[in-house]
Amino acid sequence: ARFTSPSGDAEIRASMTLLATGANATAMTAFGLGVPLKPNAVAGRAYFDVPDRLASTIQHLCIAYERSLCPGYGWIFPGPNRRFNVGVGFFSNGTRDLPRLRDLWTRFTSNFEPAAAILRESRQVADFRGAPLRTGLAGKSFGRPGLLAVGESAATTYAATGEGIGKAMESGLLAAGMVIEALSSRDQRAELHPDDAAGLRRACGARTRAGARGRARASAPGAL
């Protein structure tokens with residue numbers, strides 16, 4: 001890879017590379033991975049410091065498949081010291097255009113009373129911000145000899161809820177094991193094998209498919 005900095009250009013070579021660039025398709029394409037340029041989901045959130053009384057009524061993760069949001073969803077995620085993450089997400093599955101996240105946020109915080117109460121009674125400590133998501137292991141390839149994508153670069157974000165941190169860490173641990181095996185192999189191949197990318201897909205695939213099916217059913221307006 002070639003890097004440019006104020007002090008000049010530098011070329012760095014490695015026998016093995018783990019690609020963890022998030023949902024940025026430009027970076028993945030530059031490394032020769034076939035990924036859709038358009039993400040298949042978007043999500044956004046804001047943070048609030050919630051008063052004690054209200055915080056005591058919402059003590060667990062809440063995911064809302066409100067009719068007005070379908071096939072999107074909203075969430076309320078209680079955090080330490082009464083700091084709550086409140087957000088919305090939308091999965092296109094390639095069948096429809098992604099909506100304006102701000103419009104989805106407005107519907108969620110207006111129609112879902114627990115979210116509306118947080119906005120009325122709490123102090124917002126971080127602005128609403130959105131980001132693209134790559135979910136469901138979507139992509140033609142996770143890697144090639146010597147290269148393996150992990151985390152959202154491999155679209156490991158969970159299609160049921162948009163949760164990505166745990167899945168990214170799990171894929172990183174799997175990839176680390178593959179690197180250790182490559183470095184310690186008897187033939188000293190010292191590179192990631194093409195089967196490693198397939199192994200990552202197998203390890204994450206069943207749960208990802210189940211999550212996508214569950215989300216599709218739960219978010220259908222006719223089911224609500």
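Of the 224 residues of the protein, 41% count as buried. The model is a predicted one, and its mean pLDDT is 78, with 74% of the residues at 70 or more. Confidence is highest in helix H4 (residues 113–121), at a mean of 95, and lowest in helix H6 (residues 194–218), at 59. In total the protein has six helices and ten strands. Among contacts between residues at least 6 apart in sequence, 66% join residues at least 24 apart.

Five strands make up an open sheet with antiparallel pairing, in the order E5-E6-E7-E4-E8. At its edges are strand E5 (62–64) and strand E8 (123–133), each of which pairs on one side only. From one strand to the next, the twist averages 15°. Strands of a sheet pair through backbone hydrogen bonds, in either a parallel or an antiparallel manner. Within this sheet, strand E4 (residues 41–49) and strand E7 (residues 83–91) run antiparallel and are joined by nine bridges. Glycine 44, for instance, stands opposite valine 88 in E7.

Helices come next. Helix H3 (residues 101–111) lies across E4, E5, strand E6 (72–78), E7 and E8, and runs at about 120° to E7. H3 also packs with H4: their axes are 5 Å apart and the angle is about 95°. An angle of 65 to 115 degrees counts as roughly perpendicular, and H3 and H4 are therefore roughly perpendicular to each other. Where the two helices meet, H3 contributes Trp105, Phe108, Thr109, Ser110 and Asn111, while H4 contributes Glu113, Ala115, Ala116 and Leu119.

In soluble globular proteins, nonpolar side chains tend to be buried together. The largest nonpolar core has 23 residues, and those with the most contacts inside it are Ile76, Phe84, Val86, Phe108 and Ile118. Two or more residues of this core come from each of E4, helix H2 (52–55), E7, H3 and H4. Apart from this core lies another, of seven residues, among them Ala41, Ala43, Tyr65 and Trp75.

Phenylalanine 84 shows how the core draws on separate parts of the chain. Leaving aside neighbours within four places in sequence, phenylalanine 84 is in contact with Ala46, Tyr47, Phe48, Val50, Ala55, Ile58, Ile76, Phe77, Pro78, Gly79 and Ile118. Two of these partners, Ile76 and Ile118, are listed with Phe84 among the residues with the most contacts inside the 23-residue core.

Methods:
Residues numbered from 1 in each chain as written. Predicted model: local features only at pLDDT ≥ 70, side-chain atom pairs only at ≥ 80, totals over all residues. Heavy atoms only, no water. Pairing = 2+ DSSP bridges. Helix = DSSP H or I, 4+ residues; strand = E, 2+ residues; numbered from the N terminus. Axes fitted to C-alpha atoms, helices over the stretch in contact; angles between N-to-C directions. Contact = heavy atoms within 4.5 Å. pLDDT = per-residue confidence, 0-100. Core = buried A, V, L, I, M, F, W, Y, C linked by side-chain atoms within 4.5 Å. Buried < 20%, exposed > 50% of the residue type's maximum accessible area, 1.4 Å probe, protein only. Parallel < 35°, antiparallel > 145°, perpendicular 65-115°, else oblique.
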